[in-house]
Each structure stands twice: as C-alpha cells, then as structure tokens.
Amino acid sequence: MKLRILVLINAAAVAVTLSAVNYYFQHSWYNVALTFFITIITSFLVFYYLIEKYVYSKIKLIYKLIHNLKLGRDLRDALGEHVSADPINDVETEVKEWAKEKKSEIDELRKQEKFRRDFLSNISHEFKTPLFAIQGYIEALQDDDFEDKDMAKQFLAKAAKNVDRLSYLIKDLDEISKLESGEIPINLTRFKINDLIKEVFESLELKARQHNIKLIFKQKYDEPILVNADREKIRQVLVNLIDNSFKYGNEGGNTSVSLFELHDQVLVEVTDDGIGIEEKFLPRLFERFFRTDTSRSRQIGGSGLGLAIVKHIIEAHEQTINVRSTEGLGSTFGFTLQRSKQTLHLPNIPNLKS
C-alpha cells in the first residue's frame with residue numbers, strides 16, 4: 001500500500017471520529033462537515049510528515065539495503081540506484097525471499113558440513129587400515145630379525161599390497177579433486193564408441209577370466225556409432241564400470257555392454273547379473289567411499305572412489321549417469337554421450353554430356 005493512501009485512511013478515521021463526537025454534542029451537519037474537512041486535511045499533513053520522516057524513510061532505507069545486497073555490487077552498479085514505489089509491501093516480499101534464500105544456504109552449508117565430517121571420517125579410515133597393516137608387518141619382521149625368510153617374504157608381499165592400495169587411494173583422491181576443480185580439461189574428439197568398447201574388452205579379458213565372467217558386446221553394434229567426448233576419460237569410465245561388475249558379479253556370470261541411439265545422444269549401459277544393490281542404497285551409490293557391503297568391499301579392494309570419479313567425468317561432459325538394480329538379480333549403469341552426426345559421403349557422379 002502506498003504511503004499517501006495509508007496516511008489518507010488514518011486521517012479519514014480520525015476525521016470521522018471527531019465528526020461523530022461533534023454531531024453528538026451539537027447536532028449540526030454544517031459543523032460536522034466543517035470538522036471533517038479541517039480534521040482530515042490537518043491529520044493528513046501531520047501524519048504524512050511524521051510517518052515520512054520517522055517511519056517511511058527508515059523502511060525505504062531498509063528496502064534499499066536488502067535490495068542492493070540481493071543484487072550484488074556489480075549488478076547494482078550496472079542498474080544504478082533503485083527506489084521502489086511501494087517499499088512497505090516490497091520490503092516484506094524482499095525479506096521473505098531473502099529469508100528463504102538464506103535458509104536454503106544454511107541447509108546447504110549443513111549438508112556440506114556433514115559431508116565434510118563423513119568424508120574426513122571415511123578417508124581417515126581408508127588410510128588407517130593399510131597403514132596399520134603395513135606397520136604390523138614391519139614390526140613383525142623387526143621382531144623376527146629376518147630369521148624366517150619365508151615368513152619375511154610373505155609379510156613383505158602383504159605390506160607391498162597395502163602400499164599399492166595406498167597409492168591407488170592417493171591417485172584417485174588427486175584425480176577426483178582435479179576433476180572437481182576443473183584442473184583436468186575435457187578434450188572432446190569425434191570417435192567410434194563401438195571401437196572403444198572393444199578395446200576395453202580386450203584390455204580386461206584376462207581379468208574377466210580370473211573372475212570367471214563372460215564379457216558380451218553383441219554383433220548388432222558393429223555399425224559405427226560416433227560420439228563427441230574425451231576418448232581417454234570415457235575409456236576410464238568403461239573400465240571402472242566393468243571392473244566394478246567383476247567385483248560384485250557372480251562367478252560364472254555375464255557382463256554386457258549395450259548401446260542405444262537417441263535423438264542427439266548415445267546411451268551406454270553396462271549390465272551385470274551379480275548380487276545387485278538394495279534400493280535404499282541407490283541414491284548414495286556415487287558418493288565418495290560409499291560401500292554397500294563394507295566387509296566384502298574390504299576383501300575385493302579398491303579405493304572406493306571409482307564410481308565417484310565416473311560421475312564427475314560424465315558430468316564434466318555435461319551428460320547424465322544413472323543406475324537401476326534389483327537385489328540378487330544384477331545392476332545396470334547407464335550414461336549418455338553427445339552423439340556425433342555421421343558425415344554422408346556421396347559417390348562421385350560424372351557429368352553426362354548430351
């Protein structure tokens with residue numbers, strides 16, 4: 001409501017009250033009308049001056065401060081000073097919106113704080129496990145003074161295995177931090193996704209045999225499908241997803257890769273028939289160090305960052321990744337890539353002269 005209307009309503013209320021009192025005592029409509037007009041004019045001027053000086057100007061100042069804080073310095077300088085025509089209503093709206101924004105920011109900060117605490121707890125646990133193991137093997141070797149050479153070789157081999165685990169963890173942490181900060185650039189190239197999948201299958205063939213898992217890439221995908229992406233980063237995505245299917249797949253099972261051509265994207269799906277994932281764990285599956293089965297995860301190794309790295313790589317391509325799974329039946333990880341239009345090569349047609 002504008003200031004003049006607000007002041008006029010208050011002045012009219014005072015004028016009506018005084019006019020009613022005047023009529024009660026004098027019973028003269030002339031005096032009532034005269035009282036009404038004098039009172040409403042006087043009250044309007046007095047109220048307007050007092051409210052403008054002591055209330056309205058303060059509200060306008062508060063509104064300007066809130067409005068400028070919301071805009072930010074750069075935008076404020078570009079737009080210049082802004083004065084609302086109705087700051088009383090606008091300041092209420094601005095305060096509500098600002099409070100809502102700040103509440104969202106506080107909620108987000110609380111989530112980040114919880115994530116930071118969980119991350120520090122997880123990373124300390126991930127480092128502590130191999131470090132304690134290495135420390136135990138070294139102390140055992142020192143106590144034995146290398147008298148039992150066979151035991152010493154076994155302990156050194158186990159210590160080396162834990163050192164490798166630490167190296168993988170540090171490497172993955174470094175990579176994921178660089179992906180988050182944008183330090184690792186995405187070099188987009190045009191390539192055949194079919195050929196890349198076949199290359200990844202060849203590189204993981206030995207590991208698939210060790211896990212007694214069959215890799216399947218159907219012949220119908222021999223027709224070249226071109227995508228625009230960072231070839232080496234997508235290779236890493238495929239390796240991580242397929243390797244993940246080995247870790248959580250059933251012995252004698254299958255891991256298959258499927259391609260689906262969409263309008264301007266290509267959907268790549270990696271499917272296994274392993275142990276599957278409980279539905280309640282699916283939203284957290286791409287979190288760093290998140291494990292659905294801690295005991296089994298410790299046995300099969302890994303840094304616990306593989307799926308988080310996959311998610312960051314796909315999001316760096318401005319694409320999406322999802323997972324669907326049924327416990328006891330298997331899981332399917334699907335991600336999209338930008339489809340590249342194939343160049344149409346026309347045969348050379350000789351000019352025909354009549």
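Leaving aside its neighbours within four places in sequence, S325 touches G276, I277, L282, G330 and S331, where contact means heavy atoms within 4.5 Å. This is a predicted model, in which local features need pLDDT of at least 70, side-chain atom pairs count only at pLDDT 80 or more, and totals for chains, interfaces and linings use all residues. Residues are numbered from 1 along each chain as its sequence is written, and side-chain values use heavy atoms, with hydrogens and water left out.

**Around S325**

- You will find S325 in strand β6 (residues 321–326); strands are DSSP runs of E with at least two residues, numbered from the N terminus.
- With a relative accessible area of 17%, S325 is buried (under 20%, using a 1.4 Å probe and protein chains only).

**Helices α5 and α10**

- Helix α5 (residues 149–181) packs with helix α10 (residues 306–316) at an angle of about 25°, and their axes are 10 Å apart.
- That angle makes α5 roughly parallel to α10, a label for angles under 35 degrees.
- On the α5 side, the contact is made by D172, E175, I176, L179 and E180; on the α10 side, by A308, I309, H312 and I313.

Technical notes:
Helices (H or I, at least four residues) and strands (E, at least two) are DSSP runs, numbered from the N terminus. Buried means under 20% relative accessible area, exposed over 50%, partly exposed in between (1.4 Å probe, protein chains only). Axes are lines fitted to C-alpha atoms, for helices over the stretch in contact, and angles run from 0 to 180 degrees between N-to-C directions. Angles under 35 degrees count as roughly parallel, over 145 as roughly antiparallel, 65 to 115 as roughly perpendicular and the rest as oblique.
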